[in-house]
Amino acid sequence: MNTQTQAFVRYSDDVETIQPDEEKVFDEIAGVMRHLSEIMNDRYRHAVRAVHAKSHGLLKGELQVLDELPEPLRQGLFARAGRFPAIIRFSTNPGDILADSVSTPRGMALKVVGVEGMEMVAGHEGQTTQDFVFVNDKAFGSPDTAGFLKALRFLEKNVNDSEVLKKLVSAAARGANAVLGLVGQESGTLKQLGHPETHPLGETFASIAALRYGDYVAKICFTPASENLKALHDKHVDVNGHYSALRDAIVNFFRTETAVWDVGVQLCTDLKTMPVEDASVQWPEEVSPYQPVARLTVGPQDAYSPERRVYVDEVLAFNPWHALAAHRPLGNVMRARKKSYEMSAAFRHEMNVRPSGEPRSIDELPD
């Protein structure tokens with residue numbers, strides 16, 4: 001694709017359509033997530049994240065913005081070549097800490113540190129961080145937050161099911177989706193309940209929902225670039241009988257290995273086929289492929305030291321609204337995340353009597 005001649009949608013306030021009752025839905029989502037957090041706090045005598053509670057890898061890396069990008073890609077954080085330190089958290093999506101045999105979708109959160117001299121979104125003024133929150137998929141399970149609320153209420157209803165039952169449901173969901181995959185279909189609902197027992201580092205992670213990309217509108221993904229990561233794609237991990245098999249797989253990898261991901265941007269060309277408000281639609285890559293803008297490199301390190309776990313899991317919060325104004329989250333799903341993520345972090349910090357705060361230097365991340 002020639003980014004010099006391709007017509008891309010220009011960012012304006014008009015790319016979003018605010019639904020009349022969405023604040024009520026956002027409040028209900030935050031309320032359900034608060035209730036789930038309260039249940040987990042009582043169960044563990046410790047508060048955890050309302051989603052993506054279980055971490056598997058806590059890493060320090062470097063984001064290198066590529067040189068000589070064409071103008072449509074030269075926006076915001078990626079406006080000029082440079083290097084930024086970053087904190088990376090790998091996780092799985094439930095709000096309770098389950099054995100890895102309950103195999104669920106994976107998440108990757110990135111906090112870029114030391115972003116100076118750029119305007120931030122409201123509520124993030126004075127900070128020098130840019131967060132990106134990803135999952136290993138390119139479409140959301142529901143078209144909007146009303147659909148997500150229904151799924152969340154299902155989780156609330158079944159939150160006290162035994163771990164044995166959740167393992168059986170996860171296995172059944174994996175099997176059912178595998179059968180659907182043979183005929184060219186997949187179920188977003190089933191994908192949320194079960195995931196193949198594969199290595200997290202072999203996954204491609206995407207923003208799913210849209211965000212402002214300076215003068216344009218885009219989605220972002222992280223794709224394995226180094227051969228050692230590519231070799232982990234669909235690589236089986238034995239999770240049965242191993243409560244923290246995914247953590248151990250990541251820790252073992254980074255004892256000696258260096259990993260590299262390509263950072264790609266998919267620019268919106270048509271709001272009808274590439275909607276901002278319906279996050280369940282995967283934008284067609286044959287029309288607008290992901291274009292490389294940066295590279296994330298993570299060298300050998302202790303990927304889960306006790307000091308690092310306390311800092312990343314207890315003190316830090318990853319939120320797509322920790323953002324530059326040039327990368328403001330867009331769409332119904334992203335707008336809902338602002339209230340829910342802020343609620344989750346505030347509850348966790350209050351219950352655990354932990355300070356909250358954004359790092360101003362990568363040196364604040366313990367080794």
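Me: A polar contact is a pair of N or O atoms within 3.5 Å; within protein, one must be able to donate a hydrogen and the other to accept it. With which side chain does the side chain of His52 make such a contact in this model?

Reply: The model is predicted. In it, the side chain of His52 makes a polar contact with the side chain of Ser91, at 2.8 Å.

Me: Where in the chain is His52 placed?

Reply: His52 sits in the loop between helix H1 (22-44) and strand E1 (54-65).

Me: Is His52 buried or exposed?

Reply: Buried means under 20% relative accessible area. His52 has 16% relative accessibility, so His52 counts as buried.

Me: Which residues is His52 in contact with, leaving aside its neighbours within four places in sequence?

Reply: Arg89, Ser91, Thr92, Asn93, Pro94, Arg106, Gly107 and Val135 are in contact with His52.

Me: Val135 belongs to strand E4 (residues 129-135). How many residues of E4 are buried?

Reply: Seven of the seven residues in E4 are buried. To read a strand, take its two faces in turn. One side of E4 has Thr129, Asp131, Val133 and Val135, the other has Gln130, Phe132 and Phe134, and both faces are covered.

Me: How many bridges join E4 to strand E3 (residues 106-113)?

Reply: Seven bridges join E3 and E4, and the two strands run antiparallel.

Me: Which strands pair with E1?

Reply: E1 pairs with strand E2 (residues 82-92) in the antiparallel sense over eleven bridges, and Leu58 stands opposite Arg89 in E2. Strand E9 (residues 291-298) is joined to E1 by four bridges, also antiparallel; here Gln64 stands opposite Arg295. Nine of the twelve residues in E1 are buried.

Me: Which element gives the most to the lining of the largest cavity?

Reply: Helix H8 (332-352) gives the most, with five residues. E2, E3 and E4 each supply at least two.

Me: What average pLDDT does the protein chain have?

Reply: The average is 90, and 89% of the residues score at least 70. Over residues 164-191 the pLDDT is below 50, though this stretch has 37 contacts in the model beyond near neighbours in sequence.

How values were computed. Residues are numbered from 1 along each chain as its sequence is written. This is a predicted model: local features need pLDDT of at least 70, side-chain atom pairs count only at pLDDT 80 or more; totals for chains, interfaces and linings use all residues. Side-chain values use heavy atoms; hydrogens and water are left out. Buried means under 20% relative accessible area, exposed over 50%, partly exposed in between (1.4 Å probe, protein chains only). Two strands pair if DSSP finds at least two bridges between them. pLDDT is the predictor's confidence in each residue, from 0 to 100. Contact means heavy atoms within 4.5 Å.
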